[in-house]
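Subject: Structure for your files

Hello,

The structure we talked about is below. My notes on what was found in it follow.

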Amino acid sequence: MVADYFNNYITLLAFILTGMVFLSLVLFLCRLVAPRNPIPDKFTTYECGMIPMGMYWSHFHVRYYIFALLFVIFKIGTVFLYPWAVLFRSLGLFGFVAIIIFWAILFPGLLYAWKKGVLKWV
Amino acid sequence: MEISTVQLVAFGIVTAIMLISALLVVTARNIVHAVFFLIVTLFCVAGYFILLLADFLAAVQILIYVGAVVVLIVFGLILTRARVGQAIPMEEVRQRLWAVLVSLVFFGGASYALLNEKWPVVSVEKMEVTTTSKIADTLFNTYVLPFQVTSVLLLAGLIGAIVLAMREEK
Amino acid sequence: MNLNLLLPEIIVFSFSLMVLFVSLFWNNRKPSLTLGLMSIAGLLLAIGAFVVIPRVGATAFGGMFVADGFSLFFRVLFLNLAAMIVLLAIDFMREFQRHLGEFYFLLLIVALGAMLMSSANDLIMIFLALELLSLPSYILVGFAKRDPRSNEAALKYFLLGVLASAMLLYGMSLIFGLTGSTGLVDIASKFEASGGSAGPALLVAIIMIIAGFGFKIAAVPFHFWSPDTYEGAPTSVTVLLATLSMIGGFVGLYRLFFIALPDYLDIWTKVIFILAFLSMTMGSLIAMSQDNLKRLLAYSGIAHGGYILIAFSVATFDSQWSVLVYFLAYIFMTVGAFAVAMVVERARGSSEISALGGLGYSNPFLGVTMTIFMMSLVGLPPFAGFIGKLYVFKSAVEGGALFLVLVAIVTSVISLYFYLKVVRQIYFVKGDGEAVPTPNLSFAVIALCAIYTILICLYPVFFTRIALAAIS
């Protein structure tokens, strides 16, 4: 049981390592083959061939933050769905009610955000 | 090779990567680099969970922390008026000495205590893999009340954050 | 599975949602009054719901949630306390037109967290209850978004609060590692079975847990946030921090130590001994130099936390019930003092002690009641503070903590100086003579607090009997 478990992850590890080795190999080859001719224009931000305006790093509206936050909160909610789904049959009605209550408590938050207009894309 | 040896070696490697990247998080001068090192650190925590035979938690760790919390941190960075994306010159912080001292005392004390304690440990070979269904079983039977309270907490956090982050138009 | 045990909590949560959504969908002209009264209706209904709860110890959700005398006492106490705070907030939150529904929602959630804390019988429940207590408070402290002091207060409170939560979790994880269990009763029996000699990891765990709760109860040396936060937060929220949130922390500390770690009593009482000593002395000494009433009350709260910790450090049966009496006394005098401070702050636009000048003549009611609260905070008879201190000190002397009691008496004498400073300002300094109007609801709260402050001293038997019933 435990041995199987670790064998699975050794496969995963081998996969990750191969990926990393391949990536560094390709990058190394690129560096070896490509001609290098650094001129200042090459270091500007690429913007469809136009001369870029302003800094490449600009500030975002607070609205995005609320979106990210809603994303985090509902993602945490979704994580709880996985174990429930795995044991759906044996948990039966009790599990179903439990998860419904969980979402019923969380759902007003979405309703609130909606009504407050934070979901509006202006 | 014994499983416990494999586990120990893997633990050493993961810990080394984690410690280095965690140090880089706090020492990086470019805050965006710090966030990327944070991702590496969080991935290593997921590695710990895998080594402890709890792969569902590892997946959750990556989904929530790497996938969501870091996104939130990046958004937080972008929102600030600081010159993000560039190295920031650090002023000499006067409390640095104290901070190092306190951390060392805490680290020393805690590690002394942890190393000298007789823990009720089981060898890896005798452990059982914490499957998702086992987690579901504890979550929906023993811990069903905390589970519901968690959603109240999430709701309070959601509404509180909207109150604080909403722009007041006047 | 005994869902009826949780009925008060369910009612409070339902009303919190109702308040939130009423504020969203219904535009009325007096939002603060309507929403506040709705919250109070919910809290009173929840108190009424205790009729269906059996008096004997019952558990729900596999022992996660326990309804014994102790939890009954504190759940009812927190509900009443929350109702008083809401009553005060109704008058003072009118200026926050935009987010009133959220304000009352978060306030009710804090009350819910405190109630869950009193019934928590599991490490995870304790942690969640503490977070439920803290998270909305961080937001409430920063509720005055345009006030930079409120922002600063919220940031300080939040950063230190998160650190404290992390330390608490670390301590809890060590206990879980040692016993393999999260249930408090289970932990106690596992420790008992293991023979009772404490390893070094348990010592670290105890220190971490005390640090985590010490932050919530603002015990020295974990008090650094409290004066700044008390001063910067909207005063309705400061009352909440000084009473609900602080007592919630004490309740968590009590449950964890008395139920899960009774075998290691001699270890954790020593740590608490140090905290009690430091809190009493530092709180009283620094309070002497304060000119701001809210800061003064913050340091006075720290000192009172120290007196309460004496009872924790003695940890006998007598000290346990006497600390409940102390809580009762502390609540009424603190809420009363803050209520007067709020009224004055609103009328004169400042929370400095000098703003109280001549209050005894421009508003005799406030002058007299404030004097009562100050005398009670010192611990002078015939006021509640005297009874609280009397029982705690008596039980401490009997429990062998003579040193702490001597320190407590010395610091009480010191505290006479700064509480009298307030009284002197009320009666012996000529103010601008400007009238200080008392809003009706605040008047009611102040009057109620003053009545109870006297009543507890006149009929202590009634209150000690409640406390005794809660502990045994």
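Predicted model: local features only at pLDDT ≥ 70, side-chain atom pairs only at ≥ 80, totals over all residues.

**Chain B overall**

Chain B is built from six helices and zero strands. From the N terminus on, the order of elements is α-α-α-α-α-α. The radius of gyration of chain B is 21 Å, well over the 15 Å that the globule rule gives for 170 residues, so the chain is more spread out than a compact globule. Along the principal axes, its C-alpha atoms fill a box of roughly 60 × 40 × 30 Å. Of the 170 residues in chain B, 24% are buried. Taking contacts in chain B between residues at least 6 apart in sequence, 58% join residues at least 24 apart.

**Annotated spans**

The unreviewed UniProt entry annotates residues 6–27, 34–56, 62–84, 96–115 and 143–166 of chain B as "transmembrane region". I looked at two of these spans in the model. Residues 34–56 of chain B are 87% helix and 0% strand, with end C-alpha atoms 27 Å apart. Residues 96–115 of chain B are 100% helix and 0% strand, and there the end C-alpha atoms lie 28 Å apart.

**Helix α2 of chain B**

Helix α2(B) covers residues 31–51. At 1.5 Å a residue its 21 residues should span 30 Å, and because the end C-alpha atoms are 30 Å apart, the model agrees with that figure. The buried residues in α2(B) are L38(B), T41(B), L42(B), C44(B), A46(B), G47(B), I50(B) and L51(B). They pack against α1 and α3 of chain B, and also against α1 (2–33) of chain A. After α2(B) comes L53(B), which has a positive phi, near 65 degrees.

**Where chain B meets chain A**

The contact involves 44 residues of chain B and 41 residues of chain A. On the chain B side, α1 (3–27), α3 (55–79), α5 (132–140) and α6 (144–165) each supply at least two residues. The most come from α6(B), which gives 13 residues. By type, the chain B side divides into 33 nonpolar, seven polar and four charged residues.

**One residue in chain C**

M282(C) sits in helix α11 (residues 265–287) of chain C. M282(C) and L377(C) are 95 residues apart in sequence, and their C-alpha atoms are 16 Å apart in space.

Regards

Definitions and conventions. Residues numbered from 1 in each chain as written. Chains lettered and ligands numbered in written order. Contact = placed C-beta atoms within 7 Å. Helix = DSSP H or I, 4+ residues; strand = E, 2+ residues; numbered from the N terminus. Nonpolar A, V, L, I, M, F, W, Y, C, P; charged D, E, K, R; others polar. UniProt positions renumbered as here; feature names shortened; annotations may be inferred. Expected span 1.5 Å × (residues − 1). Buried ≥ 20, exposed ≤ 12 C-beta atoms within 10 Å, placed from the backbone. Rg over C-alpha atoms; globule rule 2.2 N^0.38 Å.
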